[in-house]
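Here are some exercises to work through with the structure in view. Try each task on your own before you read its solution.

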Amino acid sequence: MTEPLLVDRTDAVVTVTLNRPTAMNSLDVALKEALRDTLAELEADRSCRAVVLAGAGGSFSAGQDLREHVQTLESDADPLGTVRAHYNPIAARLANLPKPVVAAVRGMAAGAGASLAFLADFRIGGPKTRFLMAFAGVGLAADTGASWTLPRLVGHAKAVELLMLAEPVGAEDACRLGLLTRLVDDDEKVLPAAQELAARLAAGPTVAYGAIKRQLSIADAGTLADALAAEAQAQAICGATADHRAATMAFVNKQKPVFEGR
């Protein structure tokens with residue numbers, strides 16, 4: 001049986017690949033459970049200092065597996081119970097992962113698939129990259145954190161447009177809007193570019209990166225006082241790290257710092 005999720009490690013970078021290419025990496029229960037559980041493991045794994053999220057084949061992810069969803073609708077099960085059981089935990093893990101996450105968005109990212117990409121800290125795309133907030137097209141509202149990430153990426157008005165009109169966004173428009181961090185000129189370069197960026201981040205001050213992510217999350221929803229308190233806490237944590245001490249000494253001595261993530 002083919003594994004629904006592939007996990008590959010290169011030094012401190014872990015590449016997590018949605019592996020249902022014949023179904024455009026649509027998210028069935030097996031894939032969602034594997035992704036949820038793997039993210040929990042990576043959060044606790046100190047040897048992992050950056051994560052790449054990718055899709056096998058020519059698509060990133062088409063979102064919820066609607067064939068499986070039809071079977072759920074026809075059963076006595078809660079048809080959208082997967083939101084609480086799978087999508088919410090996955091979104092929370094991705095958003096709060098205390099290490100950088102880079103999404104390699106090759107081809108289509110639709111519905112919850114697009115939502116997963118938006119939860120990454122960086123998104124790399126190619127000429128065939130497309131985003132489609134497909135939820136309204138099947139009579140649903142947003143999930144997997146899209147109602148939180150989209151307004152932060154593109155603003156409230158554009159988020160309303162993307163979610164309600166459910167029209168595809170091509171690669172160049174996605175880059176202009178901020179849905180993509182970087183657009184490469186060849187789809188074959190998307191994953192290597194994402195892994196290269198992740199390797200760069202993995203070699204950086206990853207404790208500080210995690211603190212920056214927490215700061216921004218608090219500041220987005222809070223007051224100036226909340227942000228200042230979060231900054232004070234973050235600096236207390238970062239200031240006590242070996243990375244901060246070593247990098248400060250390296251700067252004084254006009255040397256290149258070496259970060260170890262501790």
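## Exercise 1: The second largest pocket

The second largest pocket has a volume of about 310 Å³. A pocket here is an open set of points on a 1 Å grid over the protein atoms alone, where a 1.4 Å probe fits, with protein on both sides within 12 Å along at least five of seven lines; lining residues have an atom within 4 Å of a point. Grid points are joined across faces, edges and corners, and the volume is the space filled by probe spheres set on them.

Before you start, note that the model is predicted: local features need pLDDT of at least 70, side-chain atom pairs count only at pLDDT 80 or more, and totals for chains, interfaces and linings use all residues. Residues are numbered from 1 along each chain as its sequence is written, and side-chain values use heavy atoms, without hydrogens and water.

**Task.** Find which element gives the most to the lining of the second largest pocket.

**Solution.**
- Step 1: 16 residues line the second largest pocket, and R46, P98, T206, V207 and G261 are the closest to its centre.
- Step 2: The elements that give two or more residues to this lining are α1 and α9. Helices (H or I, at least four residues) and strands (E, at least two) are DSSP runs, numbered from the N terminus.
- Step 3: α9 gives the most, with five residues.

## Exercise 2: The largest pocket

**Task.** Sort the lining of the largest pocket into nonpolar, polar and charged residues.

**Solution.**
- Step 1: The volume of the largest pocket is about 550 Å³. Of its 23 lining residues, L119, A120, D121, K213 and L216 are the closest to the centre.
- Step 2: Ala, Val, Leu, Ile, Met, Phe, Trp, Tyr, Cys and Pro count as nonpolar, Asp, Glu, Lys and Arg as charged, and the others, Gly among them, as polar.
- Step 3: The lining then divides into 13 nonpolar, four polar and six charged residues. With eight residues, α9 gives the most to the lining of the largest pocket.

## Exercise 3: A salt bridge

**Task.** Describe the salt bridge of D45 and R9.

**Solution.**
- Step 1: A salt bridge needs a side-chain nitrogen of Lys or Arg within 4 Å of a carboxyl oxygen of Asp or Glu. By this rule there are twelve salt bridges.
- Step 2: In the bridge between D45 and R9, the closest N and O atoms are 2.8 Å apart. This pair links distant parts of the chain, 36 residues apart: D45 is in the loop between α1 (29–44) and β3 (50–55), and R9 is in strand β1 (residues 5–10).
- Step 3: Buried means under 20% relative accessible area, exposed over 50%, and partly exposed in between (1.4 Å probe, protein chains only). D45 is buried because its relative accessibility is 16%, whereas R9, at 46%, is partly exposed.

## Exercise 4: An aromatic pair

**Task.** Are the rings of F118 and F131 stacked, tilted or edge-to-face?

**Solution.**
- Step 1: Rings of Phe, Tyr and Trp (its six-membered ring) pair if their centres lie within 6.5 Å; planes under 30 degrees apart count as stacked, over 60 as edge-to-face and the rest as tilted. The count is one aromatic pair.
- Step 2: The centres of F118 and F131 are 5.1 Å apart and the planes stand at 40°, so the pair is tilted.
- Step 3: F118 lies in helix α4 (residues 112–118) and F131 in strand β7 (residues 130–132), so the pair ties together parts 13 residues apart in sequence.
- Step 4: F118 is buried at 4% relative accessible area, and F131 is buried at 2%.
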